[in-house]
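I opened the notebook to record what I looked up in this structure. The entries follow the order in which I went through it.

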Amino acid sequence: MGLDIARGLAVIGMIGAHMGSTPDLMWSDPQTWAGVVHGRSAILFAVLAGVSIALVTGRTVPPAPEELPGVRLRLIGRGAAIFAIGVALELLGTGVAVILTFYGVLYVAAIPVLRWSPRRLFLAAAGLALLGPPVLAAIQLLSLYATGPGTDLVVSGVYPITVWLVFVLVGLGLGRLGVDRMRIAVVSLLAGVVLAALGYGLGAAAEHIVDGEPGDSAWSSSSSFASLEDGTWGVPADEVDLDGYVCDVEEEWVGCYPEETGSSSVDEEMWEELSYWEQLRDSDPWKSLLWSTISVQPHSGGIPEIAGSGGFALAALGGCLLLARPGRWLLIPLAALGSMPLTAYAAHIVIILVVGGGPMGFVNSNATWGWSTLGLLVATTVWALLWGRGPLERLVGRSAGAMAAPRGVEGVRSD
């Protein structure tokens, strides 16, 4: 039940990130604490993905070699179904950076490590957390911030799998240790608190030392805006100091640049005349590389963010596991919501489509966040009492079983 409670919190957090009007989080100001939903909800979801993979592949006992073919096929079937659901939600055109496509890929990406020990999983996660951010930042810099479907998935997107695999490895390691054990729940809570304190503390100190955002050019100024959960880039207008900047307005978008640059649009002829090394130099490479590595902002992929937000996810998971028994009856609606996270997540995307007035509609209301959450809590509780598993969860389970069935290979579990 504790895992379902944690999933429920993750879903509510992502609903808030996509619907709510939440400020930038400052731990010293309780009035901004609602901003905790940004980035951290998705990371908790990723950690829980790792735990789920452990649960469907033998729990604390890794699958035996003879079981691996069936287990792999079931994970591929599960991942493919989740990916397809994510694509369908993206086609609704809400502008939300749907996590399910990435979530589905994670099930396939975890296949090579299914038989790893918890110790090896944690060491791999630590290595990726420390080496991934500077390597990815260097790749982006050397490619002059090239983009594309592949690079967005692996290097520079909202959910770059190279970095986010850290959270899956940690969740898989916890699942192998046994998340239903009281000792593991306590260790998760304490380790999470320590990691969060270290990550956020060191990140804040490092950002203060660097004192500013990378670069002063029009190119780097645009890249310094924080990535929002809905996949857009920007910050609230009342939090931007535009002194010395000129802004161009085009329909619903505003582009600002330092007044001395003369234009926010890149002159193609000018860039054609610059060599690769001149363009690299003008992008302020060392500061850009440093900032990308030390950032603690949501979805920045910096080392402090991975440690801090990853620690926050571990602490939240540990707390939910510990509260599951004493708060069992009070937390049933939250657990019901978390028992069908795919269904609830898809439902909130549909709500955004309807309330926002159609594709590319925008919802920015804490009241809508609250009413949507309440409605989903009631609906999922009633569904769980009457029919058990959620509809999309049933679909994913059938897909996993169907993938292994043609070859007659049995996996560990199908749900």
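Entry one. I began with helix H1, residues 2-19, where arginine 7 and aspartate 4 are 3 residues apart and therefore separated by about one helical turn. The model is a predicted one, and I read every entry with that in mind. I looked up the pair and found that arginine 7 forms a salt bridge with aspartate 4. Their closest N and O atoms are 2.8 Å apart. I then searched the whole structure, and the search gave 1 salt bridge.

Entry two. I turned to the second largest pocket, which holds about 1100 Å³ of space. Its lining has 41 residues. I sorted the lining by type and got 19 nonpolar, 10 polar and 12 charged residues.

Which helix axes come within 9 Å and cross at roughly 145°? They are those of H5, residues 118-142, and H12, residues 285-294. I noted the crossing of H5 and H12 as right-handed. From H5, the residues in contact are Pro133, Pro134, Ala137, Ala138 and Leu141. From H12, they are Pro285, Ser288, Leu289, Ser292 and Thr293. This contact of H5 with H12 divides into 7 nonpolar and 3 polar residues, with no charged ones.

Note on methods. Residues are numbered from 1 along each chain as its sequence is written. This is a predicted model: local features need pLDDT of at least 70, side-chain atom pairs count only at pLDDT 80 or more; totals for chains, interfaces and linings use all residues. Side-chain values use heavy atoms; hydrogens and water are left out. On a 1 Å grid over the protein atoms alone, a cavity is a set of points where a 1.4 Å probe fits but cannot get out, and a pocket is an open set with protein on both sides within 12 Å along at least five of seven lines; lining residues have an atom within 4 Å of a point. Grid points are joined across faces, edges and corners, and a volume is the space filled by probe spheres set on the points. Ala, Val, Leu, Ile, Met, Phe, Trp, Tyr, Cys and Pro count as nonpolar, Asp, Glu, Lys and Arg as charged, and the others, Gly among them, as polar. Axes are lines fitted to C-alpha atoms, for helices over the stretch in contact, and angles run from 0 to 180 degrees between N-to-C directions. Helices (H or I, at least four residues) and strands (E, at least two) are DSSP runs, numbered from the N terminus. A crossing is left-handed if the near helix is turned anticlockwise from the far one by less than a right angle, and right-handed if clockwise. Contact means heavy atoms within 4.5 Å. A salt bridge is a side-chain nitrogen of Lys or Arg within 4 Å of a carboxyl oxygen of Asp or Glu.
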